Amino acid sequence: MMNYFELSRGKAEELRARRTARILALETSCDETAAAVIENGRKILSNVVFSQIDLHELYGGVVPEIASRAHMEACDRVVDQALKEAGMSLQDVDALAVTKGPGLVGALLTGVNCMKGLAFAAEKPLVGVNHIEGHVSANYLSHPELEPPFLCLVVSGGHSHLVEVADYGEYRALGQTADDAAGEAFDKAARALGLPYPGGPRIDALAEEGNPEAFVLPSPKTEGRYDYSFSGLKTAFMNTVHTLEQRGESLPKADLAASFRRVVCRELTGKARLLLEEHGRDGYRGFALAGGVSANRELRRMAAAMCEELGMTLFMPEIHLCTDNGAMIGSAAYYRLMNGEIAGLELNAMPALRLV
Ligand code: KG4
Ligand code: ZN
């Protein structure tokens with residue numbers, strides 16, 4: 001009798017030969033339990049996101065134990081819903097995919113175990129996906145014409161990277177953050193303003209009403225020419241807030257949010273521009289944004305202006321595909337599957353997994 005891995009390898013080989021696959025994907029690396037069914041890496045047949053924000057808001061951030069438990073409770077339901085919305089049964093999908101890292105270990109494990117169980121029961125190939133690769137791949141869903149090579153700015157709660165996407169699954173790190181990620185900086189600045197978790201979207205909304213020139217905040221300094229650093233800026237922002245509070249003045253929150261957002265986004269796009277100008281842009285089919293912070297309105301506007309000036313095509317995921325979702329995992333999984341990369345039942349959570 002063939003064992004699970006031999007069976008799934010045989011099925012994966014058939015899919016590779018056909019170059020088609022409908023993949024059921026699950027994402028549980030942080031505080032969203034999300035599942036989707038994706039066809040050939042590009043077409044969303046369903047995309048269900050169950051956010052745990054309500055559960056964590058009280059604590060001002062994600063509580064890992066609460067996240068794991070909530071994923072465990074929601075996994076089956078969210079997967080069933082994704083299948084239902086795609087009009088399919090588990091037997092109808094060709095392969096399964098799950099985020100293996102990076103992220104919270106307990107949260108990741110819940111998803112990995114859930115999908116290992118389903119893959120084994122249904123005798124389907126399983127693909128373990130890097131969450132960051134998922135974010136990059138969200139662009140393949142929003143832009144069916146997009147093909148590597150392109151330059152991608154990946155900005156999320158845990159990452160600020162300038163990455164060259166040389167080919168599907170082939171990345172080169174050109175710049176990265178020396179300390180805080182952009183999303184983390186937004187969240188901490190929001191907290192200093194007394195805004196609830198998650199702070200990034202709230203700062204963004206508030207900033208739309210504010211004057212970005214109201215406060216002068218320092219531009220970050222970095223050792224690497226294309227690297228990022230946001231911890232000094234964050235400290236300067238907090239000092240500004242504390243000084244105003246100590247003086248007993250009411251906080252001009254919109255102006256503070258707008259000033260902070262302006263410096264962060266200028267830094268993010270500035271390094272990308274420098275890199276493109278110094279290293280040439282001809283090798284790239286375009287410039288792409290990815291990750292939760294790519295939902296930021298100012299960042300999208302600045303990236304659009306930059307690309308227009310440089311004569312480059314800009315790719316951005318639709319807003320609902322910027323933050324964590326299962327669709328992006330299903331897209332990334334397709335290209336891994338077509339490359340013959342499938343997981344065995346020993347697949348484990350990899351909380352510190354890197355893209356490059
Ligand atoms: O990619 P993501 O959903 O999860 C991670 O992989 O980290 O990113 C979440 C991060 C959070 O820090 C959140 O505050 C930030 O993305 N974020 C934003 C916006 N929407 C989400 N930051 C600034 N502006 C936004 N509109
Ligand atoms: Zn993410």
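**Entry 1**

I began with K234, which is buried at a relative accessible area of 13%; buried here means under 20% relative accessible area, exposed over 50%, and partly exposed in between, with a 1.4 Å probe and protein chains only. The model is a predicted one, in which local features need pLDDT of at least 70 and side-chain atom pairs count only at pLDDT 80 or more, while totals for chains, interfaces and linings use all residues. Residues are numbered from 1 along each chain as its sequence is written, chains are lettered from A and ligands numbered from 1 in the order in which they are written, and side-chain values use heavy atoms, with hydrogens and water left out.

I placed K234 in helix 8, residues 231–246. Helices (H or I, at least four residues) and strands (E, at least two) are DSSP runs numbered from the N terminus. I then listed what K234 touches, contact being heavy atoms within 4.5 Å. Not counting residues up to four places away in sequence, K234 touches D180, K188 and F260.

Next I looked up R261, in helix 9 (residues 253–279). R261 also counts as buried, at 4% relative accessibility. Leaving aside neighbours within four places in sequence, I found R261 in contact with F186, D204, A207, E208, N296, R297, E298 and R301.

**Entry 2: domains**

I noted the division of the protein chain into domain 1 (4–139 + 322–338) and domain 2 (148–319); the bounds come from an automatic or database domain assignment. Taken over C-alpha atoms, the centres of domain 1 and domain 2 are 28 Å apart. The contact between them takes 20 residues from domain 1 and 26 residues from domain 2.

For the area, I used the accessible area (1.4 Å probe) that two parts lose on being put together, summed over both. Domain 1 and domain 2 bury about 1,700 Å² between them, with 63% of it on carbon and sulfur atoms. In domain 1, the residues losing the most area to domain 2 are V136, N139 and C322, which together give 38% of what that side buries.

**Entry 3: helix 1**

The 15 residues should span 21 Å, and the end C-alpha atoms are 21 Å apart, which agrees.

Which residues of helix 1 are buried? I found Y4, S8, A12 and L15. They cover an arc of only 60° around the axis, so they sit on the same side of helix 1; the arc is that of the directions from the helix axis to the C-beta atoms. The general rule is that an α-helix has 3.6 residues a turn, so residues three or four places apart point the same way. On the other side of helix 1, E14 and A17 are exposed.

I also looked up what covers the buried residues of helix 1: the cover includes strand 4 (95–101), helix 4 (105–122), strand 5 (126–130) and helix 12 (327–338). At the N-terminal end, N3 caps helix 1, with a side-chain oxygen 3.1 Å from the backbone nitrogen of F5. A polar contact is a pair of N or O atoms within 3.5 Å; within protein, one must be able to donate a hydrogen and the other to accept it, and residues adjacent in sequence count only if both atoms are side-chain atoms.

**Entry 4: helix 12**

Helix 12 has twelve residues and reaches 17 Å from its first C-alpha to its last, close to the 16 Å expected at 1.5 Å a residue. Twelve of the twelve residues are buried, so helix 12 is largely enclosed by the rest of the structure. Among the buried residues I noted Y334, Y335 and R336. Just after helix 12, G340 takes a positive phi of about 80°.

**Entry 5: backbone**

I found R19, which is not a glycine, with a positive phi of about 55°. R19 is in the loop between helix 1 and strand 1 (22–27), and at 48% relative accessibility it counts as partly exposed. E123, another residue other than glycine, has a positive phi near 55°. E123 lies in the loop between helix 4 and strand 5 and is partly exposed, with a relative accessible area of 36%.

I looked up cis peptide bonds as well. The bond from G101 to P102 is cis, with omega near -5°, and P102 lies in the loop between strand 4 and helix 4. The bond from Y197 to P198 is cis, with omega near -10°; P198 is in the loop between helix 6 (182–192) and helix 7 (199–207).

Conventions: The expected span of a helix is 1.5 Å times one less than its number of residues.
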